[in-house]
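The sequence and the structure come first.

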Amino acid sequence: MPFSSLVDWISRHRIELLLSLRISAAGVASYALGTTLGLPQSYWAVFTTVIVMQASVGGSMKASLDRIIGTIGGAAWGVAVAVTVPHPGAVSTGFALALTLVPLGAVAAFRPAYRVAAITGTIVLLGRFGELGIVHAALDRVFEIGLGSVVALAVAVAVTPTRAQGLLGGAGRQALGEMAGLSEALFADLAAAADLPTVLAFHERIRRALARAVTAADEAARERRSLISDTPDPAPLVRCVRRLSHDFVIVARARSAALPEPVVERLGPSLRALSRRLSAHLGEIGAAIAARSAPPDPVADEFDGVHEAMADMRRDGITRGLSGEEIERVFGLSFALDQLRRNLDDLAGHARDLTRPGR
């Protein structure tokens with residue numbers, strides 16, 4: 001692999017590589033501490049660090065807290081069932097296991113983050129602890145899991161920490177980049193319907209990027225509440241990007257069929273100019289969000305050009321010769337573009353808020 005290609009690959013996968021470094025460091029540290037403290041099964045601490053370590057500090061914090069709470073709850077319930085329900089044989093053990101899993105399984109079903117509670121309760125009930133004692137064994141398990149969670153969180157904060165705000169910027173940039181490509185696809189040939197498989201593929205990639213942005217925004221909010229970060233609340237920006245995606249859904253519906261020839265003749269030049277400018281603008285504002293830099297100037301002339309062409313078309317009576325379905329698609333397109341313009345202006349404001357220095 002050429003050196004330049006290797007550098008490019010490392011740049012594109014920086015977050016993944018940093019996460020692997022943190023997982024390795026946390027696993028080794030958990031093993032060392034567990035061995036030093038004489039834990040009977042220190043590998044549980046290592047397992048925990050691997051499981052709870054996330055790409056951002058906020059994500060690691062939530063996973064650590066969820067695992068500790070789930071472990072304590074599962075261990076407590078497992079001990080309660082084990083000491084109150086005799087289970088010397090297979091049938092009685094199965095009955096005790098059912099008593100353990102029914103409530104803990106319900107917790108896992110309604111709160112998947114606490115699935116570890118059912119696992120811990122089962123281990124406590126079915127484990128063979130000999131003279132150690134079930135209560136002592138449960139406490140050891142809680143301590144092992146707690147140690148792994150604390151080490152994972154400490155490593156997440158201390159070793160190449162990645163803030164959720166950075167992950168949000170990357171996800172937002174990707175979503176807006178996909179919208180830029182979708183814009184080009186929707187206005188490439190106005191005399192023909194937009195290619196449905198291409199449009200659906202863009203929508204799916206936008207949806208996945210938005211899902212990552214929502215997760216990162218939740219983690220960023222957790223970092224803010226924990227005073228790890230003091231960056232502005234990212235939720236309004238994520239909502240604005242989601243509204244933009246809805247605008248493109250409406251545009252795609254309007255472009256599900258070819259525009260009438262008189263409409264293409266009147267609107268074609270201004271729509272193509274807007275598409276080119278819009279594609280570039282979405283890429284620029286996505287880069288600004290990722291870098292937390294000043295957003296680009298708003299798109300004005302091209303939107304005004306489409307608005308004026310639409311007004312001229314209505315004034316000249318072009319729409320009177322269209323069918324009801326054609327009129328609906330033309331005015332649906334006009335409405336979507338008006339919404340798109342407003343949401344782009346809002347997005348620029350939210351991007352500008354992110355330029356405020358913060359941890």
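In this predicted model, R205 sits over the face of F202, at 4.7 Å from the ring centre.

Contacts between aromatic rings are a separate topic. There are 3 aromatic pairs in the structure. One of them joins Y43 and F47 in a tilted arrangement, with 5.6 Å centre to centre and 55° between the planes. Y43 and F47 are 4 residues apart in helix α3 (residues 43-52), which places them about one helical turn from each other. W44 and F47 form an edge-to-face pair, because their planes meet at 85°, with the ring centres 5.6 Å apart. These two residues also both belong to helix α3, where they are 3 residues apart, about one turn of the helix. An α-helix has 3.6 residues a turn, so residues three or four places apart point the same way. Through ring pairs, Y43, W44 and F47 are linked into a cluster.

| Residue | Relative accessible area | Class |
|---|---|---|
| Y43 | 40% | partly exposed |
| W44 | 18% | buried |
| F47 | 42% | partly exposed |

W44 is classed as buried because its 18% falls under the 20% cut-off. Y43, at 40%, is partly exposed, and F47, at 42%, is partly exposed as well.

Which residues make the nonpolar surface patch? L33, L37 and F143 make it, and the patch has an area of about 280 Å². Of these residues, L33 is located in helix α2 (residues 14-36). L33 is partly exposed, at 39% relative accessibility.

The remaining topic is helix α13, which runs over residues 324-353. Its 30 residues should span 44 Å at 1.5 Å a residue, and the end C-alpha atoms are 44 Å apart, so the span agrees with expectation. The buried residues in α13 include R329, V330, L333, S334, A336 and L337. Further along the helix, L340, N343, L344, L347, A348 and A351 are buried too.

Key
Residues are numbered from 1 along each chain as its sequence is written. This is a predicted model: local features need pLDDT of at least 70, side-chain atom pairs count only at pLDDT 80 or more; totals for chains, interfaces and linings use all residues. Side-chain values use heavy atoms; hydrogens and water are left out. Rings of Phe, Tyr and Trp (its six-membered ring) pair if their centres lie within 6.5 Å; planes under 30 degrees apart count as stacked, over 60 as edge-to-face and the rest as tilted. Buried means under 20% relative accessible area, exposed over 50%, partly exposed in between (1.4 Å probe, protein chains only). A charge sits over a ring if NZ of Lys or CZ of Arg is within 6 Å of the ring centre and within 35 degrees of the ring normal. Patches are made of residues with over 30% relative accessible area and no salt bridge: like charges are joined within 9 Å, nonpolar side chains (Val, Leu, Ile, Met, Phe, Trp, Tyr) within 5 Å. Accessible areas come from the Shrake-Rupley method with a 1.4 Å probe; for residues, only the protein chains shown count as cover. A salt bridge is a side-chain nitrogen of Lys or Arg within 4 Å of a carboxyl oxygen of Asp or Glu. The expected span of a helix is 1.5 Å times one less than its number of residues.
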